[in-house]
Structures are given as structure tokens and as C-alpha cells.
Amino acid sequence: MYTKCMSKSLSILPGIIKEAVSQNAADIILSEGCFPVLKVGSSLKKLNDFGELSDDAIHGVVSDILPSAKLKTLEDDRQVDLAYAQGDARFRVNVFYQRGHLTVVMRYVKNKILSLEELGLPSLLKELVENDNGLILMVGPTGSGKSTSLAAMIDHINGNFEKHIITIEDPIEYVYDNKQSVIEQREVGVDAVSFSSALRSALREAPDVILLGEMRDLESVSTAVTVAETGHLVLSTIHANSAPGTIDRIIDIFPPEQKEQIRIQLADILVAVLNQRLIPRADGVGMTVALEVMIANSAVKNAVRTGNTAQLPTIMQTGAADGMVLLDDILIKAAKHGEITKESALAYANDRDEVRKGLSAV
């Protein structure tokens, strides 16, 4: 059983957080028998001054940050997600067991919501979120900045339009101040039982825009599609490796007898799929964003509706006028301009052979 124990964590955790903030770290990793580790850019940095962490120290950190309501979840599920704040610094935290020991990973969430311009994202994203209805999906691996980009998109609506916005998150990451819009944020496990139940309830809460932190399963995907069909703008994430591959990822969630119907529904409601990566800069200073964009124009909608998703990369290559671009083409261009290395371009590529060919002249 988890026991709340006394430890020197009360002095350890603030110091570690101070180091993380000063070094602009993406993550803090606290694991038994290891020095505290910061992930800065693509590098791991040990904080030797804090010493190797004991089980007692980790338990103490968990005692400091874990609300009592989350203790049962940790024991039942052997893992738990939560948000934690120290001063102006906010963190998305996952506590989990590995080999019987507690481990803590804290993702640093900047207190300030950066604008799309500050993030280096295309102005096209403003046009996308100015739609009154439909589905916008942000995909990419963990740590690729999806939540940050979605927060900037929501805050653009917030600052420019009178909308009722509901977010459904696990946990709540960015906290919004109401500007022209009214924003209500619901945390799964605190304010709602599940993504799906909160999403169904949202239909009775007069929303204009819904941010769904993640489409995790058949029920949440199906409900999100239904909500978008009923005249709401839905922004969400789903695990996929590419913008075109996102469509197959969604279709594959459904049983065979429902696949044709979901293709038709998805073709009708899809606004765009955005696939984001954060890639180390060639000069070693920070990361650069690469955003693959698939806009649901008539050709994309037809390919989705008819199940010809293999055509989507070609459609995207010929859809530059609509703002579409493939991730691999972004990587080739960035390597040619010296923004990233050839090695990084290949490491992040969807089709390494094609990227290798494109880089042959670099």
C-alpha cells in the first residue's frame, strides 16, 4: 500500500523545480536510485547536487504533490495523472510504479499561453479555428507540443470572438483567463467521470467550441464525431504518426460494420489534421517546430469518404495553395536551409527513403 511518509522532499522538490524553470526544461524525471533528471531540448541533464533519490524521497515528493482524492487511483491503477503548480510554474504530472518503485515525471507547462505567432505556427491555424463547426485534430508523439499549440488556438478564439468554450482534459494543463469568450475547464476524475461522459454532457451546456484533450477509445471518438456533426467546433488529439495516417487510425478503431458510416461522417465534419514535431535545431539551441498540414478540401473529403486514403499524401503535395504540406517535405527543406541536421531529418521522417533522396543534394 502507498503510505504518506515524511522525507526531505519539502526541500528537494522546490529546488528541482527552480532548476527546471531556470533551464527551461521540458520534463523532470524522478526515479529511485537515480539523480533527478531534467530533459532540456533533446538532452538529459542530471542534477547531481540533489544526490541519488531514495524510495523515501520519491514517496515524499508524491505526498507533497498528490491530492488525497488521487491516492486511491494510484493504488488501483498503479498510475495517476494530475496537474501541479508551484508559484507560477505549472506541471502535468504522471506518477507510476516501475519494478515496484514509484516514479514521477513532470512536464513543465509554461504559465503564459503563447500566441500562434510566438510559437512559429502558420497564420492558417487562425482561419481553421474561425470555423463555426467541424473537427480539427492535432496529432504527434508525446512531447511534441500538441497541448501548447491547441492552447494557442483556443486563446486566439478567446481573444477575438464571443464564444462559449468548454475544455475536457486529463489533467487541466493551461489555465485560461476569459477575454471575449467564456471558458469552462473540466478535469476528468475531478469534474467528470470520463472524457465520453463529459463530452455527452457538453451537448447540454450550450457550447460553441469544445476542446477534448484526447480521443482515447471508440466511445470518445464516436461521441466527438457526433458532437461535431451537431454544429460545434471540436478540437482534439489522437495518437497517429502522420496527418494522412490519422484517418486510417480513426477508421480502424471502429468495428467492420461501422467503418463505411464513419468514413462518411468523418468526410463531412473534418476541417483539418495537423501533425506536429519538435526537432532539435542544428545549432543546438532549442527546438524548431515542424507542422504537417492536411486541409479537408473536396479532394481530401472524397478520398476519406471512398476509403482511398492512400491518395492523401499525393493530394497534400498538390494542395500547397490550400496550405497543405507533408512532414517529410518540411524536414528536407529545413535540412537544406541548415535549420536542422540531416540526421534529425531522417530520424523524424515518415518515409526515410524519400527524405534520404531529397537530402542527397544537401
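Tutor: A salt bridge here is a side-chain nitrogen of Lys or Arg within 4 Å of a carboxyl oxygen of Asp or Glu. This is a predicted model, in which local features need pLDDT of at least 70 and side-chain atom pairs count only at pLDDT 80 or more, while totals for chains, interfaces and linings use all residues. Residues are numbered from 1 along each chain as its sequence is written, and side-chain values use heavy atoms, with hydrogens and water left out.

Student: How many salt bridges does the structure hold?

Tutor: One example is the pair D132 and K163, whose closest N and O atoms are 3.2 Å apart. The count for the structure is 17.

Student: Which parts of the chain does the pair D132 and K163 link, and how many residues apart are they?

Tutor: D132 and K163 form a salt bridge. The pair links distant parts of the chain, with D132 in the loop between α4 (124-129) and β7 (134-139) and K163 in the loop between α5 (146-160) and β8 (164-169). Helices (H or I, at least four residues) and strands (E, at least two) are DSSP runs, numbered from the N terminus. The separation of D132 and K163 is 31 residues.

Student: Is D132 buried or exposed?

Tutor: Buried means under 20% relative accessible area, exposed over 50%, and partly exposed in between (1.4 Å probe, protein chains only). D132 has a relative accessibility of 51%, so D132 counts as exposed.

Student: Why are D76 and K72 about one helical turn apart?

Tutor: D76 forms a salt bridge with K72, with 2.5 Å between the closest N and O atoms. D76 is partly exposed at 49%, and K72 is exposed at 56%. D76 and K72 are about one helical turn apart because both lie in helix α3 (residues 68-77), with a separation of 4 residues.

Student: Which residues are joined into one network with D170?

Tutor: D170 and R216 meet in a salt bridge of 3.2 Å, N to O. D170 is in the loop between β8 and β9 (182-187), and R216 is in the loop between β10 (209-212) and α7 (218-229), 46 residues apart. R216 is partly exposed, with a relative accessible area of 39%. Through salt bridges that share partners, D170 is joined into one network with E214 and R216.

Student: At about what angle do α6 and α7 pack?

Tutor: Helix α6 (residues 195-202) and α7 have axes 9 Å apart. Axes are lines fitted to C-alpha atoms, for helices over the stretch in contact, and angles run from 0 to 180 degrees between N-to-C directions. Angles under 35 degrees count as roughly parallel, over 145 as roughly antiparallel, 65 to 115 as roughly perpendicular and the rest as oblique. α6 and α7 are therefore roughly parallel, at an angle of about 15°.
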